[in-house]
Every structure is written in structure tokens, then in C-alpha cells.
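Here is a short report on a two-chain model. Please keep the sequence and the 3D view open while reading.

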Amino acid sequence: MEDKLIEVNFGPQHPSTHGVLRIKVRLDGEYIVDAYPVIGYLHRNAEKLAEMGYYPKAMIYVDRLDYVASLNGELGYVLSAEKLMDIQVPERAQWIRMMLVELNRVASHLIWFGTHGLDMGMLTPFFYCFRERERILRIFDEVTGSRLLYNYFAIGGVYSDVTPKAIEMIREFTGNFVTKLEEIEGIFKKNYIYVKRTTGVGKLSLEDALSYGVTGPMLRASGKSWDLRKNQPYLFYKDINFDVPTRPEGDVYARFLVRLEEMKQSIKIVEQILTKLPEGDFYNKKYAKPMLIRLKANGESYVPTESPKGEFGIYLVGDGSTMPYRFRIRSPSFANLSATPVMLKGYKIADLTATVSSMDPVFGEVDR
Amino acid sequence: MIPIESEGTSKDGTRTVYVAKENILAFMKERKDEGFDVLLMITGIDYKDHLEVVYHLLSTTNGNRLVVKTKTDEEVDSMTGLWAGANWHERETWDLVGIKFKGHPNLKRLLLAEGWVGHPLRKDYPLDKKQFVNLGEDGEDRVSFDPREGY
């Protein structure tokens, strides 16, 4: 039997790997017997780079981890650093952070939707999703000055205030996004081929998910209602009403439904923030920009946040100097991807692209 | 009950405990039975005179978090038998910090190429020595200090 197995090399230059993932798959006919993911093709050692600079300098490396949701990464870092240095942040800055992070979550999920559609053989949703994402990027351009890598959150606040024009743009976006999303939703849900190809494929049981440290939408699609915004709220999430979508199936279609509902919830959160956004300072005056490089820290801290992919946080260890002694990144994509072999075993080779793309891996974050 | 050496609280308010290296596997098994079902990450820290391994645990049933630390000199027991997710984290820690995990099923480098010289997150890692990687005929990576033999 052993000699009948064929070894196929999938990636690293395959369009549906969302970057540079390589999987060595062993096949028995069309069925996957064993899968062995190989990563590291985008490795830059961001941890070492961050340990070589001042605390605020690490921000640009954090930006480049999950590059489709940079603000979520920045949030994980600033919260951890502020805890480490005991820095107070004005309320307005925290509400601004929450609002932009939720918009970034929608942008990230839209990218996933578009590329997942491409992987499943649909070209249309890609254009629809990028059309909507473009509107979010215009908002970010207005608020932060950049479209992809923002470097906008600072230790002690944010770099600039949200202008009335930006608020107007956000209002306009949240006003009609859900109807636009329903257009995209229809392309997937009413497509018989898509539903057939994803239902019951790439199953991940709750037990395996927890054992592999899988978090985020993937864990919620496996039947566990675990969202840090709800279970261990940071910023002002406890003042906001939203639901945590959960599905019990644990297959690709369940992950699709969870992410779809999450986008609607994010819009709901942004709408509530717009009504509650307080006036005031947007940064702590004690920590104006030139002061930042003199920040020193002792001790250690790890503040978990809910990024679009799962639990993201940075474990900082300070030694009393102006540079972090240890800068450890907990990246959700890395843990999620390590569960690949369980999700692929026993399915057909044609299901591989569906499963891999349903994990939403971003390789800046996996390889770091 | 496995004894702990000392305990404290980190800046974010999480309980932190030090456990002797010999007891770490038994201690973690106890914690798993207690309800800590997720191993979030494994961190290796190079303190110049000794190495330290840090485990972040999470319980999704009651939301408790715990940080477990152990001092080591190169080798520590593997957690792959308790949490499957420990596999990649341990490979990464071996790769970048150079801590060996006893009982790991496949302790190979994860992010860097097999055959890489040194462990980058060690504080004495030479940053000026460039290494070049090339893919060999057999599909495995080759590492060389000669720029003509890789990229």
C-alpha cells in the first residue's frame, strides 16, 4: 500500500496559498493521507528587529505582520506597551482606536471574502469586495494619511484627531454597507456549487481546535462562543452591544457564515461608537512625540486582543532600558495554520484550496 | 500538587509562577486537568547566564490566564503530548532561541532553513555574518556563508 502513495508539492508559488505557504501532501489516489506544511519563506525575524530599537520604533514591524489589518496589530502592541509603562490614555483616543480597528476588521474580512471567492472559482465577489474595501481605505487615508500600513496608534494615544470630514465618510460607509454586503452574500449563498464544495469540508472539531490553540472566527465556527471583546473586554467594548456569531459545524461554510456575520456586527459597533465618541484630547500630553524615544520599562506584560484572525498579543519583557528585552508576537494565523494536517486528512485534493483559504492565513504574520 | 518555586503578578495582572525544570511536565499536566485547555504560546528568553521558557495558558471555560516559567540550560520537556499546538511553538523556539525539547516528535527548524548556523534570538548572535540559502536538488534547503551559493 505504501508504494502507491504519491507525494505532491503544493506551493510556495501557488495563487491560492495567500502568500508563500508550501504543503507537502501525500495522496492515496485523490485522497489526502498526510499533509506537512512548510513555512518560513517570508521570515524577517520581526522579533529581533523590534528588540534592536526603541519602544515606539517597533510599531512599523507590527504594522507589517498582518498587513491587511495593520491597525489590529498596532492595537495589540500599544495596549501591551501602555500596561508595561503604566501610561494613561485619554478616552477619546480609546474610542477612536476602537472605531478604526472595527473598520479594519471589515476591510480584512472583505479581502478574505474576495480571495476566498477566487479560490472557489468565482471572479465577481473579488471586484465587489475590493470596491467596498476601497471606501474603507479612503477613510483611513483621510484619518491616518496612509492606505495600507498606518503607523497611526502611538503609545499614549493616536497621532492625529479624526476630522469631521472623516466622521462624515464613516457615516456614509456604515449607512449603506450592509445592503452592499448582502449583494456579495447572495453570490456565495445562492451559488449551488459553492455551497456544495464547502459544506462538510475541512472539518475541525472543537477538541482539536482548542488543542492546537486555534482562536478567532475559526474557533467560533467550531462551536465555541469565545470572543475576547465579549469575554475579556479591553478598551470600551463592555459598553457596546453586539453579538458573537457561532456555528457548530466547524467546516468551511461555517467559517464563511461566521465571518459574514462578524462584518455586520462590526458595522453595528462602529455605528454605536459614532454616537458615543466623546470630545477631548486624542493623546496623552505627557507623552508627546519627541518624548517617546525616552520611554523606559521594567517587568513584563501581555495584553490579548481580538484581531480579525484570532487572539493577537505581544509579550513584552523590559529590562529597564529604552529597548524591549524580549518582544514575542503571539500571532493567530500561526496557531491556526498549525492545525492544517487535521483539517486536510481524509479529504480530496480538490478540497485543499477551500480549506487552506478558509483559514485566512496572512503570511506576514505566520512567518514574522 | 507539584510545588512552585516562586510566584508573582505581571504588569497586566496575570499570575506568574516559576516551576523547577524537573517538574514542568507534571505541573503542566495538572494545569491541563484543571481546565487550562489552550496553550497560547511558548517563548524562549535568553538571559545571558541562563535560558528561560515561558508558557502562556488560557482556560476558555472560565477565562483564567496563567504564565508558567522555568529556568533551563538548553533542554526542557516537550508539551506536545498535552497540547498539539505546542509542536510548532517548540520547533520555533528551538529554531530561534536554541532550546531543545525532550520528547518532541520532529524537532526541526521551522522558520529558518535546516542547517542554519546559530539561533538569531540569542543575545550573542553575530548580526554581521550573512548566510545564504539555496534549494537543493532533493527539495531540502542548503545554507552557506558564500554569496555565490545562495540568495
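The report covers the fold of chain B, then a sheet of chain A, then the interface.

This is a predicted model.

**Chain B: overall**

Chain B contains 2 helices and 9 strands. Read from the N terminus, its elements follow the order β-β-α-β-β-β-β-α-β-β-β. The C-alpha trace of chain B spans about 55 × 30 × 25 Å along its principal axes.

**Chain B: the five-stranded sheet**

An open sheet in chain B is built from 5 strands, in the order 1-2-5-4-3. The pairing in this sheet is mixed. Strand 1 (6–9) and strand 3 of chain B are the edge strands, and each pairs on one side only. From one strand to the next, the twist averages 20 degrees.

Strand 1 and strand 2 of chain B pair in the antiparallel sense over 4 bridges. Within this pair, Thr9(B) stands opposite Arg15(B) of strand 2. The two strands form a hairpin with 5 residues between them. In that hairpin, Gly13(B) takes a positive phi near 90 degrees.

Strand 3 and strand 4 of chain B run antiparallel and are joined by 8 bridges. Ile42(B) has Tyr55(B), in strand 4 of chain B, as its bridge partner.

A helix covers part of the sheet's strands. Helix 1 (residues 24–34) of chain B lies across strand 2 (15–18), strand 4 and strand 5 of chain B. Helix 1 runs at about 175 degrees to strand 5 of chain B.

**Chain A: a three-stranded sheet**

In chain A, 3 strands form an open sheet in the order 1-2-3, with antiparallel pairing. Strand 1 (6–10) and strand 3 (31–38) of chain A each have a single partner strand, so one side of each is left without a neighbour in the sheet. Neighbouring strands of this sheet are turned by 20 degrees against each other on average, direction ignored. Strand 1 of chain A pairs with strand 2 (residues 22–28) of chain A in the antiparallel sense, over 5 bridges. Here Glu7(A) stands opposite Arg26(A) of strand 2.

| Strand pair | Sense | Bridges |
|---|---|---|
| Strand 1 and strand 2, chain B | antiparallel | 4 bridges |
| Strand 3 and strand 4, chain B | antiparallel | 8 bridges |
| Strand 1 and strand 2, chain A | antiparallel | 5 bridges |

**The interface**

How many residues of chain B are in contact with chain A? The contact involves 46 residues of chain B and 41 residues of chain A. The area buried between the chains is about 3800 Å², with 56% of it from carbon and sulfur atoms. On the chain B side, Lys11(B), Trp88(B) and Leu111(B) supply 20% of the area that chain B buries against chain A, more than any other three residues.

Polar and charged pairs also cross the interface. There are 22 residue pairs in polar contact, both residues at pLDDT 80 or more. The interface also has 5 salt bridges. Lys69(B) forms a salt bridge with Glu300(A), and the closest N and O atoms are 2.5 Å apart.

Which elements give two or more residues to the side of chain B that touches chain A? They are strand 3 (38–46), strand 4 (51–58), strand 5 (65–72) and helix 2 (86–96) of chain B. Strand 3 of chain B gives the largest share, 9 residues. By type, the residues of this side divide into 20 nonpolar, 13 polar and 13 charged.

Conventions. Residues are numbered from 1 along each chain as its sequence is written. Chains are lettered from A and ligands numbered from 1 in the order in which they are written. This is a predicted model: local features need pLDDT of at least 70, side-chain atom pairs count only at pLDDT 80 or more; totals for chains, interfaces and linings use all residues. Side-chain values use heavy atoms; hydrogens and water are left out. Contact means heavy atoms within 4.5 Å. Buried area is the accessible area (1.4 Å probe) that two parts lose on being put together, summed over both. A salt bridge is a side-chain nitrogen of Lys or Arg within 4 Å of a carboxyl oxygen of Asp or Glu. A polar contact is a pair of N or O atoms within 3.5 Å; within protein, one must be able to donate a hydrogen and the other to accept it, and residues adjacent in sequence count only if both atoms are side-chain atoms. Ala, Val, Leu, Ile, Met, Phe, Trp, Tyr, Cys and Pro count as nonpolar, Asp, Glu, Lys and Arg as charged, and the others, Gly among them, as polar. Two strands pair if DSSP finds at least two bridges between them. Axes are lines fitted to C-alpha atoms, for helices over the stretch in contact, and angles run from 0 to 180 degrees between N-to-C directions.
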